[in-house]
Amino acid sequence: MRHHRSALWIVCLTSYRGWRHPLDEPGRWTPIFFLDDAVALAAGHRPCGLCRRDDHHRYRDAVGAAEGASRPILATELDRRLVAERHRRGRGIDRAADRLLWEAPIDDLPDGTVVVHRGEPALVVEDRLHRFGFDGWGPPEMRPRRTRATVLTPPTSVTALAHGFRPTLHPSIRP
């Protein structure tokens with residue numbers, strides 16, 4: 001059994017031009033619903049170039065700016081990078097053990113990054129961490145300083161966040 005067929009893992013709007021897509025159709029893509037952009041980015045997705053065109057351009061341009069690219073990075077190149085950063089090679093529906101994590105100084109991580117904190121996913125926002133919950137992000141805790149964090153968000157998306165891409169966050173995160 002294959003976990004997925006395509007490198008195209010995108011974050012779409014739940015409503016766009018009145019289009020409808022079945023939730024489960026054999027041989028077709030299956031929509032997955034995320035709490036917000038931070039969770040979707042941590043899962044290895046990027047903004048859709050059709051229904052979220054402006055967000056896609058901001059994401060793409062932020063990655064390009066970080067690299068000093070002279071022209072926009074193609075969506076296929078972003079997808080190739082994210083595939084390499086998501087999972088080790090493997091098969092089957094249960095891929096949790098194949099998930100690629102990485103480490104970085106927690107002080108260097110931008111807002112919108114999801115890290116593992118005390119064994120659970122947590123969102124970086126300014127000097128705080130918010131633990132993940134299916135109904136929203138938890139109350140703020142102080143972000144530890146001068147330590148390394150295990151990072152869930154792939155490096156390409158962290159680069160986008162660090163260079164100007166602003167994810168849409170669940171309303172439980174108050175400015």
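**Exercise 1. Which side chain meets that of Arg81 in a salt bridge, and at what N to O distance? Characterise the pair.**

The model is predicted: local features require pLDDT of at least 70, side-chain atom pairs count only at pLDDT 80 or more, and totals for chains, interfaces and linings use all residues. Residues are numbered from 1 along each chain as its sequence is written, and side-chain values use heavy atoms, with hydrogens and water left out.

Solution. 

Step 1. Apply the criterion: a salt bridge is a side-chain nitrogen of Lys or Arg within 4 Å of a carboxyl oxygen of Asp or Glu. The partner of Arg81 is Glu77, with an N to O distance of 2.9 Å.

Step 2. Assign the exposure, with buried meaning under 20% relative accessible area, exposed over 50%, and partly exposed in between (1.4 Å probe, protein chains only). Arg81 has 17% relative accessibility and is therefore buried. Glu77, at a relative accessible area of 23%, is partly exposed.

**Exercise 2. How do helix 3 and helix 2 pack against helix 4?**

Solution. 

Step 1. Angles under 35 degrees count as roughly parallel, over 145 as roughly antiparallel, 65 to 115 as roughly perpendicular and the rest as oblique. Contact means heavy atoms within 4.5 Å.

Step 2. The axes of helix 3 and helix 4 cross at roughly 120° and come within 8 Å. Helix 3 is therefore oblique to helix 4. Leu78, Arg81, Leu82 and Glu85 of helix 3 make the contact with Pro155, Thr156 and Ser157 of helix 4. These residues divide into three nonpolar, two polar and two charged, where Ala, Val, Leu, Ile, Met, Phe, Trp, Tyr, Cys and Pro count as nonpolar, Asp, Glu, Lys and Arg as charged, and the others, Gly among them, as polar.

Step 3. Helix 2 and helix 4 have axes 8 Å apart and pack at an angle of about 90°. Helix 2 is therefore roughly perpendicular to helix 4. On the side of helix 2 the contact involves Tyr59, Ala62, Val63 and Ala66, and on that of helix 4 Thr156, Ser157, Thr159 and Ala160. The division here is five nonpolar, three polar and no charged.

Step 4. Helix 4 (residues 155-162) has Thr156, Ser157, Val158, Ala160 and Leu161 buried. Its buried residues pack against helix 1 (37-42), helix 2 (53-67), helix 3, strand 3 and strand 8. After helix 4 comes Gly164, with a positive phi near 115°.

**Exercise 3. Is Thr153 buried or exposed, and what surrounds this residue?**

Solution. 

Step 1. Thr153 sits in the loop between strand 8 and helix 4. With a relative accessible area of 0%, Thr153 is buried.

Step 2. A polar atom of the Thr153 side chain lies 2.8 Å from the backbone nitrogen of Val114.

Step 3. Apart from neighbours within four places in sequence, Thr153 is in contact with Leu41, Ala42, Trp102, Gly112, Thr113, Val114, Val158 and Leu161.

**Exercise 4. Summarise the fold of the protein chain.**

Solution. 

Step 1. The chain has four helices and eight strands, in the order β-α-β-α-α-β-β-β-β-β-β-α from the N terminus on.

Step 2. Of its 175 residues, 41% count as buried.

Methods:
Helix = DSSP H or I, 4+ residues; strand = E, 2+ residues; numbered from the N terminus. Axes fitted to C-alpha atoms, helices over the stretch in contact; angles between N-to-C directions. Polar contact = N/O pair within 3.5 Å; in protein donor to acceptor, adjacent residues only side chain to side chain.
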